[in-house]
Each structure stands twice: as C-alpha cells, then as structure tokens.
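Colleague: Could you walk me through this one? Please start with how you count contacts.

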Amino acid sequence: MNFFRSLVGARSQKSSQLAKDRLKLVLVYDRVKITPQLMDTLKGELIDTISRHLDIDQNGVSVTITRGDRQDRLVADIPIRRPR
Amino acid sequence: MAGRVITITSGKGGVGKTTAVANLAAALALQGKRVVAIDSDVGLRNLDVVMGLENRIVYDLVDVVEGQCRLRQALIRDKRLAELYLLPAAQTRNKSDVTPEDMKRVGQQLKEDFDFVLVDSPAGIEQGFRNALAPADEVIVITTPEVSAVRDADRVIGLLEAEDRGEPHLILNRLKPQMVKRGDMMSVSDVLEILSVSLLGIVPEDEYIVISTNRGEPAVLAGSAKNNAARAYGNIAKRLLGYDVPFMVVEEEAGFLDRLFRFVRQKDVDYQARK
C-alpha cells in the first residue's frame, strides 16, 4: 500500500483532524473504486510510457487521486531530469 | 398546488432519520402546514413508536399497496396537532413487498392532499432505500460527525448524484460543541468540506431526545427552553418553508461563515473563532 501517505506524528494530532484526513483519503478510493493493485499498475505503465520519451527520475514519481467538488482527478507528478 | 415529497435518508443506521422525520413533521404542522409522515422501513417500523402512535395502527403501507384498504384508512391522525398524519410501515412483512412504483403512486396521491410528505427511509442502500427515494421531490441526508456516518453519507450522496436526483441537503445531527472545541469531534466545516453539499441544519446532541422517544412525544411539542434539539428542528422546518434562519450552534473560523452567508444573518451569529 505504498501510495498511502503515512500519517507520521498522528499521536500529536487532534483526533478530529485525524478523522478528517482519514476520511478524505478513504473517500477518494471509495468514490473512484480503484484498488491499490490498479494504482501500482497505473503508476508502472505511466513511468514506462513517459520514460520512452523523456528522461525522468523514476523514484520521484508520485501518482495520486485527489477529490474535487464535482470531479475527482488522477494526478501524476513526474520529475524530469535536466539534460547534462 | 401539489405538496412536496421529501425523503430523509442517511446510509448509516442510527444517525437520527426517524427522530428527524417525527420532529420535522410536527414542526411543520405547528407552522400550520398539512403534513403526512411515511414510515417506509417495512419489517422494522419505528416512526409509529417515536411519534407515540403505535396503538392506533389499523392498516399500514403494505395494506395500501396491496389494495387491502384505501389510502385514507391507513392514515393515522395525530390528535395533538391539527394536520399531522402518519402512514405506518408493516411490521411482519419485508421490503420486497413494496416497489418503487408503489411508492411513487402513494407519493403522488398524498401530494394532492398534503403540503408536505416526509418519507422516513430505512438505513442502507438497497431495496428499502430505493423505495423511499422513488417518490421524492427533494432529499435530505442526515449524518453525525463521525467517520462511519460521514463515509456512508458520502456514498449515498454519490448514489443520488448518479441517479440525477440533484443535490441533497444535509442535516448534521448530534453535534457536541464542547467536543468540537477540544478537537475531539469533527466540526460543521470539517464535514461540509468532506461532503460538499449545502447545509440545511445543525442539531446538537440533546438528552431530551431520549425522553421524548420514551414518551412518544416528538421533542418539538414539548416546548421547553432547554430543548436545544427541538429548537434546531424548528429552525430547519422554517428553512424548509423558505425562511432565513441563522444557525444556532456555530463554532467555526471566519472562512466558513462566508460559505454560510446565504443562510446566515451576520448580526445574529454567535460564534467563537477557532485558534
């Protein structure tokens, strides 16, 4: 489940904030109906495809789903290596 | 002019649908409206007992649907108020004995005679929920500020959107302002941020609700000054009638108030800024 951001320092957070953060996260996946396995597959395929055209930092790639008011978004953040 | 059919639903069980239907129905009747409340929880009826009308049931929703009686005969008039009626559910049948089409027919008929038809939905998102939803012109979703209730409410809101039912209105129930202040309970703005629907009302946690159910007397009928939940339901009823009523319990930061501007008269708001 490497795409879940770890909630480090959760103990010091107020529980209501923790509840809110957890809900926001779980609802993204509830709504879009995407499994962790599918996320990993998607990420892998995106990296493969982009790598064929651009030199990217594969370790820095993050693929997340964010909730908007009316729409959810799959957001891929891909660092590109500067040419030497 | 035809009345409004409003279905009250939640997804999660036990968040206060039946209590809300009983109290909103009574509150609207107190405002002089002609109201009928329908218990659509076939097999697990409760609206009758919450309203204190359990001893007067002769016919029920399934009897009406099966043609065992006329709709009029199944309606129980609440003697405490001039124009409040209940159509009870059956207790020994189940939800497949009623179809969405049946509910639409019943809703259509009642609309012609009543200003408000309030449908108490069962918990869940299966047949009972679909039955309750079928006749609705408007939908109210009830949730409490707890993780599982909010999650289920989100699912229900998603289902309503998918069926082109439009945007429901939200009632946030059983709020405990002191817990919110301590950061031990999600706030109104937290829940609204997550669910993104318009707020119809906030009902604080109130011990009196237990007493009112014990007595079979909806809290709004008691009229006690300390009866916060009853006041909240009264305000919600007024909002349903188009009045601009400020929210009673608000402990939020200023940004949230901008979003509430439609419902709130600034000078009447009593709030404390959260640090």
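Modeller: Two residues are in contact if their C-beta atoms, placed from the backbone, lie within 7 Å. In chain A, residues 24 or more positions apart account for 48% of the contacts with a separation of 6 or more. This is a predicted model: local features need pLDDT of at least 70, side-chain atom pairs count only at pLDDT 80 or more, and totals for chains, interfaces and linings use all residues. Residues are numbered from 1 along each chain as its sequence is written, and chains are lettered from A and ligands numbered from 1 in the order in which they are written.

Colleague: How many helices and strands does chain A have?

Modeller: Chain A has 2 helices and 2 strands, in the order α-α-β-β from the N terminus. Helices (H or I, at least four residues) and strands (E, at least two) are DSSP runs, numbered from the N terminus.

Colleague: And what share of chain A is buried?

Modeller: Buried residues are 5% of its 84 residues. Buried means 20 or more other C-beta atoms within 10 Å of the residue's own; exposed means 12 or fewer, and partly exposed is in between.

Colleague: Switching to chain B. Which residues of α5(B) are buried?

Modeller: B:Met103, B:Val106 and B:Leu110. Down the axis of α5(B), they fall within an arc of 65°, so they line one face of the helix. The arc is that of the directions from the helix axis to the C-beta atoms.

Colleague: What do they pack against?

Modeller: Their partners in chain B are β2 (35–39), α3 (61–65), α4 (71–74), β5 (116–120) and α6 (127–133).

Colleague: Tell me about β2(B). Why is it called largely enclosed?

Modeller: 5 of the 5 residues of β2(B) are buried, so the rest of the structure largely encloses it. B:Val35, B:Ala37 and B:Asp39 point one way, B:Val36 and B:Ile38 the other.

Colleague: Which sense does β2(B) pair in with β4(B)?

Modeller: Parallel, over 4 bridges, with β4(B) covering residues 84–87. Pairing needs at least two DSSP bridges between the strands. B:Ile38 stands opposite B:Leu87 there. β2(B) also pairs with β5(B), parallel over 5 bridges, and B:Asp39 stands opposite B:Asp120.

Colleague: Last topic. How many residues are in the largest nonpolar core?

Modeller: It has 87 residues, and B:Leu61 is one of those with the most contacts inside it. Such a core is a set of buried Ala, Val, Leu, Ile, Met, Phe, Trp, Tyr and Cys residues joined through C-beta atoms within 7 Å. Helix α1 (residues 17–30) of chain B gives the most to this core, with 10 residues.
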